[in-house]
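Visitor: I have a structure open and would like to go through it with you. Could we take it step by step?

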Amino acid sequence: PGAAGGAEPGHGTALAARESAADAAELLELRDSRARLLATAGRLVDAAAEAFALTALHGAAGNRLDEAHAAWLAGRCLAGTGDHEGALEPLVRAATLFRAQRRRQLSTSVSDDVLDVLGRLGRGDEAPLVLAEIAGEGR
């Protein structure tokens, strides 16, 4: 018998790993809810900061769809504060990630946000190049 009352060796370790993964996923979900609530409450700077942190965490975990949603939220929040320059990169990233995940409608919606930001920056002439980058044609 193993040390855990007859359990096979390593069984407790596997269970602990599953519980740890579940805890990490729950924490990400809570932080995502927090970022969205901050945005809804009009605390766009705080929401953008939380969304940027989530973008990195989801990226590190390989959750590309969640990474895209977090980047989109960060970009929209920054655009909402008037920081269009800061909004551009996360919006392009979100549109690119959605395209890579074959989420065409989402990619198109974010691309519209990218075009809006480029227009507000007076850089509408860059739109074809940026859209080609999002479409994966810029490589």
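Predicted model: local features only at pLDDT ≥ 70, side-chain atom pairs only at ≥ 80, totals over all residues.

Visitor: Which residues of helix 6 are buried?

Guide: Helix 6 covers residues 127-134, and its buried residues are Ala 127, Val 130, Ala 132 and Ile 134.

Visitor: And what do those buried residues pack against?

Guide: They pack against helix 4, residues 84-100, and helix 5, residues 104-120.

Visitor: Let us stay with helix 5 and helix 6. At what angle do their axes cross?

Guide: The axes of helix 5 and helix 6 cross at roughly 155° and come within 11 Å. Angles over 145 degrees count as roughly antiparallel, so helix 5 is roughly antiparallel to helix 6. The crossing of these two helices is right-handed.

Visitor: Which residues make that contact?

Guide: Helix 5 contributes Ser 107, Ser 111, Val 114, Leu 115 and Leu 118, while helix 6 contributes Ala 127, Val 130, Leu 131 and Ile 134. Sorted by class, the contact of helix 5 with helix 6 has seven nonpolar residues, two polar ones and no charged ones.

Visitor: Now the overall picture. How many helices and strands are there?

Guide: The chain has six helices and zero strands. Along the sequence, the pattern reads α-α-α-α-α-α.

Visitor: What share of the chain is buried?

Guide: Of its 139 residues, 31% count as buried. As for contacts between residues at least 6 apart in sequence, 50% join residues at least 24 apart.

Visitor: Which residues touch the most other members of the largest nonpolar core?

Guide: Leu 91, Val 110 and Val 114 do, in a core of 30 residues. At least two residues of this core come from each of helix 1 (11-40), helix 2 (44-61), helix 3 (64-81), helix 4, helix 5 and helix 6.

Visitor: What is Leu 91 in contact with, leaving aside its neighbours within four places in sequence?

Guide: With those neighbours set aside, Leu 91 is in contact with Trp 72, Gly 75, Arg 76, Val 110, Asp 113, Val 114 and Val 117.

Visitor: How do helix 3 and helix 5 cross?

Guide: Their axes come within 11 Å, at a crossing angle of roughly 25°. Since angles under 35 degrees count as roughly parallel, helix 3 is roughly parallel to helix 5. This crossing of helix 3 and helix 5 is left-handed.

Visitor: Which residues meet there?

Guide: From helix 3, His 69, Trp 72, Arg 76 and Ala 79 meet Leu 106, Ser 109, Val 110, Asp 113 and Val 117 of helix 5. By class, the contact of helix 3 with helix 5 has five nonpolar, two polar and two charged residues.

Visitor: Another topic: is His 84 buried or exposed?

Guide: His 84, which lies in helix 4, has a relative accessible area of 17%. Buried means under 20%, so His 84 is buried. Apart from neighbours within four places in sequence, His 84 is in contact with Ala 79, Val 117, Arg 120 and Leu 121.

Visitor: And Thr 40, buried or exposed?

Guide: Thr 40 belongs to helix 1. Its relative accessibility is 69%, and exposed means over 50%, so Thr 40 counts as exposed.

Visitor: How far apart are Thr 40 and Cys 77?

Guide: They are 37 residues apart in sequence and 10.0 Å apart in space, C-alpha to C-alpha.

Notes. Residues numbered from 1 in each chain as written. Heavy atoms only, no water. Buried < 20%, exposed > 50% of the residue type's maximum accessible area, 1.4 Å probe, protein only. Helix = DSSP H or I, 4+ residues; strand = E, 2+ residues; numbered from the N terminus. Contact = heavy atoms within 4.5 Å. Core = buried A, V, L, I, M, F, W, Y, C linked by side-chain atoms within 4.5 Å. Axes fitted to C-alpha atoms, helices over the stretch in contact; angles between N-to-C directions. Parallel < 35°, antiparallel > 145°, perpendicular 65-115°, else oblique. Left-handed = near helix turned anticlockwise from the far one by under 90°. Nonpolar A, V, L, I, M, F, W, Y, C, P; charged D, E, K, R; others polar.
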